[in-house]
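I opened this notebook to keep track of what I looked up, one topic at a time. The entries follow the order in which I went through the structure.

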Amino acid sequence: MVNRNLIRQVEVTPEELEAAYGGMDPEALALAASEIAVNQIVEGRVLRVEKDFVVVDVGSKSEGIVPLSEWTENEEPPKPGQTVSVLVEELEDMYGLGDEYRGMITLSKRKAEKIRAWMRVMETVKEGDVVTGIVTRKIKGGLLVDIGVNVFLPASQVDIRRPADIGEFIGRTVQCLVLKIDESRRNIVVSRRALIEQERAEKKAQLLAELEVGQRRKGIVKNIADFGVFVDLGGIDGLLHITDMSWGRINHPSEMVSIDEEIEVVILDVNREKEKIALGLKQKTPSPWEDIELRYPVGSRVKGTVVNVMNYGAFVKLEEGVEGLVHISEMSWTRRINHPSEVVQVGDEVEVVVLGIDKEKQEISLGIKQTMQNPWENVEERYPVGSVVKGIVRNITNYGAFVELEEGVDGLLHVSDLSWTRKITHPSEVLQKGQEIECRVLSVDKNRRRIALGLKQLTEDPWETYIPSKYQPGQIVKGTVTKITNFGVFVGLEDGLEGLLHISELADHKVDNPEEIVKVGDEIEVKILRVDKEERKIGLSRKRVEWAEEEQQAAEPEPAPEPKKEKEREKEKELKGGLGSSGGPLIQGLTTDHETENAG
């Protein structure tokens, strides 16, 4: 019979041995089987220990040597007679090791151990199994884990979220899932992440079945975002939104929690289909809005701190978790506020009045101006109709001027109430910004917060007194050109009183441009055509002044000729008598004498 132990050593089949050594006796067969081959693992006996090598008898004609460095510090040093497993690496003569080592077989204890470890692993481990090992070192792309042999743990498979430094795992015992085994290359790839995800999936299903709204659970903060925090409840993550972290105001979740911190949360909602869980932190304490109307009744005065300023108003913190809004319209009775920052700044402590409470929406309306006296409350008493008041021209518009009577109380002086007589197009012709003036109060509307003022009402209306009697149709008066328009000319008759000289009344001929006839500042005579008391207008004419002069001249008799002097009359008679009726002979005679004189 063939010794199967020997067959196992030389790694040949019984059939191959029978074919090669058929008919040989057992001793000869054993001798043939004792011959060793490269890459074969054999049992050897330590013969002696040299300085750098250990000489081992492997049952061959030649002895073999193993580097002494292959025995680690943790192992007992080799001793003569000790049995050791080695791998046959080379059978040829060795060179460069001295004459005493020539012809020896090259052996490796370390490689033999690795091969046998690999074979043991292959007998017990397959893809999909869970293995446990110690992380030995960090290499490019991942870690090496010793499970009896070194296996590769890629960096992406170390954890669910890749650690900042995978080197922190060196020396730690980890459990991994075998992803791939390559026997030809003696390579195994494992994943710790896959195992964690598998375990989490099992825990998630169990946890989802257990979770109920209102429960309190502990979890680990895994991630922090601007909008909230993701908390690992032990198999599934829940979202703790920033609005559910505190009854008060926080700017960022990191103000309250940090990564890997263990916190207790309240389950607010569980969506088992989408596997989403809403968590709360502030719900661990009672809501400050529960009895809000008792602590802050409408109409009460309270103090608070400005925590935020927006375009439309300012938020005032009354206590932790309770804020109210002071709208921009509730900041001042009188001031025209463009932005709330003109009145308050973040951090200011202010006194406010509670105007309204909406408990469901958790909103409180506050007012600042209500802490002060409303100047319009008794404005009718301070500015009665008909009284004369003083003020500063604060603003000028096309239709009038706003006069500040006191801080926050303005009156409108309309352009039509500036003068009884002048035609004023724009208030700036009479008033200047910042000018102090006296006016008469014409009307007061407390509800609409309006006061009407008049400047002309400080004096009597001349149209009711002397103008109709002083200026009558047909009169010819003098005036000064004050303004020229495309339809005519305004002529000042006296201070504040103007009449209109229409373009058709400038001259007898057609006038296209009044400036061809008159200039501003010219003093001219005009005839009053009409005086309209109701419309407060005086119509004038310039061409009719010339007509009046012509009519006056035509109506006067022609003056008698003045009596001539006596001598002049006598001389005239003599002249007429000598010349006759035509005077011809005398003229002829004079002419002849003249010609004769010239000829001589």
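**Cysteines**

I looked for disulfides, taken as pairs of cysteine sulfur atoms within 2.5 Å, and the count came to 0. I also noted that Cys-176 is buried, with a relative accessible area of 1%, and that Cys-439 is buried, also at 1%; buried stands for under 20% relative accessible area, with a 1.4 Å probe and protein chains only.

**Basis of the entries**

I am working with a predicted model, in which local features need pLDDT of at least 70 and side-chain atom pairs count only at pLDDT 80 or more, while totals for chains, interfaces and linings use all residues. Residues are numbered from 1 along each chain as its sequence is written, and side-chain values use heavy atoms, with hydrogens and water left out.

**The chain overall**

I found 11 helices and 30 strands in the chain, where helices are DSSP runs of H or I with at least four residues and strands are runs of E with at least two. Of its 600 residues, 37% count as buried.

**Strands around β18**

I followed strand β17 (residues 313-319), which pairs with strand β18 (residues 322-327) in the antiparallel sense over 6 bridges; pairing requires that DSSP finds at least two bridges between two strands. Gly-313 has His-327 in β18 as its bridge partner. The two strands β17 and β18 form a hairpin with 2 residues between them, and Gly-321 in the turn has a positive phi of about 90 degrees. I then saw that β18 runs parallel to strand β20 (residues 363-367), joined by 2 bridges, with Val-326 opposite Leu-366 in β20.

Methods: Buried < 20%, exposed > 50% of the residue type's maximum accessible area, 1.4 Å probe, protein only.
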